[in-house]
Structures are given as structure tokens and as C-alpha cells.
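Trainee: Can you walk me through this model? I'd like to start with the terms and then go to the details.

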Amino acid sequence: YENEVDIDITPIIDEGLAYLINDVLADEEVRAQSIGPGNLLEASRPMAVVSGTAGDSAASWAVGYSPNLVVSVWVGREDGTGLSLDPRGLVGAAPVWRAVSDYAHDRFVIGADEWPQPDNIVQGRVCERSGLRPNGICPERTEIFLENTQPPETDILWQSVDINNQTGQLATANTPTN
């Protein structure tokens, strides 16, 4: 550029926290579980996105971003009268957001980059339901955390108990060991 400008960048939140927010907003699997597969917020590249409606369904909005582009769409009427929208705004702004996002990424040849993972992000195993440290019994999953913020407590939701194989009830002191 002929007129290069020096830009001072002052982070407003920790880059690890920003990465966690991106991870939540870009989670296609969870989005498909909550609003269904094949929804209009599914993107052809890593995108963080949120959508909804305003007021009495008088407007719909969708805001999403990739590591290189932000797209925001609002759909509504000037007079404020309601639209026939679903509560998540998936029939209003979402299809427009998806089309504009895909077009801009393709038109300006913006790559399908992932967010770079900061050094202060770590992975750890947690129990699926509680999110606490695994106790050796619970179903587990891998989760990401800011360094030094992993859950300190071990899961107590899942417990191992002895069952009386004759009654199907909890074993007592009087239950034979066999």
C-alpha cells in the first residue's frame, strides 16, 4: 500500500480466553445437536457464529467470523412489525449470513484457516456429565482449558456400588460375597 499506517493493537482479553470463546462458538457438533444437522449456520470453513431474534420476532440477526473475516447480518422491517421467524433466527438472517460469508471468503480467496492455539491452552480429560476430573468410572472426553484452570475436584456423580445378584438391589452387609 502507498499509505501504510502503523496500527497499535491492545488486547482487551487474554488470547487464551478468546480462543476458548472461538472454540465454543465454532463447535459444529454441538450446534447440530441443539438446532439440527444441515442447519444454515453450518459453514464450509472454521467459523464462529451466533444468531437469534430481537423483540417479538421483529428482527433476526447472525454474527459470525473466521480468523480473517467478520460478517454480521440483520434482517427486519423499518416499522418494527414482526416477521415470521423462528426463535433462533434460522429462517431470517442465517441464510443471508451463510451466503455472504461463503461469497466473501470465495471472492477474496480467504483461506479456511484455524485459529492459532495460544501457548496457555491445555488439554485435559474430564467426565462427560460433570466436567470434573475423571474418577475411573465415568465416561470421559477431552476438553481444553486455560492453563491452571482445570477442575480441581474429582467426579462424584459416577460411583461404583456392589449389587446383590439375586435381588438386583444394592448389596448390604448381609449379602453373601458370592
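Mentor: Contact here means heavy atoms within 4.5 Å. This is a predicted model, where local features need pLDDT of at least 70 and side-chain atom pairs count only at pLDDT 80 or more, while totals for chains, interfaces and linings use all residues. Residues are numbered from 1 along each chain as its sequence is written, and side-chain values use heavy atoms, with hydrogens and water left out.

Trainee: What share of the contacts with a separation of 6 or more comes from residues 24 or more positions apart?

Mentor: In the protein chain, that share is 45%.

Trainee: How many helices and strands are there?

Mentor: The protein chain has 3 helices and 5 strands. Both are DSSP runs numbered from the N terminus: helices are H or I with at least four residues, strands are E with at least two. The pattern along the sequence is α-α-β-β-β-α-β-β.

Trainee: Is the chain a compact globule or more spread out?

Mentor: More spread out: the radius of gyration is 24 Å, well over the 16 Å that the globule rule gives for 178 residues. That radius is taken over C-alpha atoms, and the rule is 2.2 Å times the number of residues to the power 0.38. Along the principal axes, the C-alpha atoms fill a box of roughly 85 × 45 × 25 Å.

Trainee: And what percentage of the residues count as buried?

Mentor: Of the 178 residues, 31% do. Buried means under 20% relative accessible area, exposed over 50%, and partly exposed in between, with a 1.4 Å probe and protein chains only. The chain exposes about 12400 Å², and carbon and sulfur atoms supply 51% of that area. Accessible areas come from the Shrake-Rupley method with a 1.4 Å probe; for residues, only the protein chains shown count as cover.

Trainee: Switching to salt bridges. How many?

Mentor: The structure holds 6. The criterion is a side-chain nitrogen of Lys or Arg within 4 Å of a carboxyl oxygen of Asp or Glu.

Trainee: Which residue pairs with Glu 28?

Mentor: Arg 31 does, with the closest N and O atoms 3.4 Å apart. Glu 28 is partly exposed at 25% relative accessibility, whereas Arg 31 is buried at 8%.

Trainee: What about Arg 45? Which residue meets its side chain at 3.8 Å?

Mentor: Asp 102, in a salt bridge at 3.8 Å, N to O. Asp 102 lies in helix H3 (residues 93-107) and Arg 45 in the loop between H2 and strand S1 (48-54), so the pair ties together parts that are 57 residues apart in sequence. Arg 45 also forms a salt bridge with Asp 106, whose closest N and O atoms are 3.4 Å apart.

Trainee: Is Asp 106 buried or exposed?

Mentor: Asp 106 is exposed, at 53% relative accessibility, but Arg 45 is buried at 13%. Salt bridges that share partners join Arg 45, Arg 98, Asp 102 and Asp 106 into one network.

Trainee: Backbone next. What is phi of Val 109 near?

Mentor: Phi of Val 109 is near 50°, a positive value in a residue other than glycine. Val 109 sits in the loop between H3 and strand S4 (121-127) and is exposed at 72%.

Trainee: And where is Asn 148?

Mentor: Asn 148 is in the segment after strand S5 (140-146). Its phi is near 70°, also positive in a residue other than glycine, and Asn 148 is exposed, with a relative accessible area of 72%.
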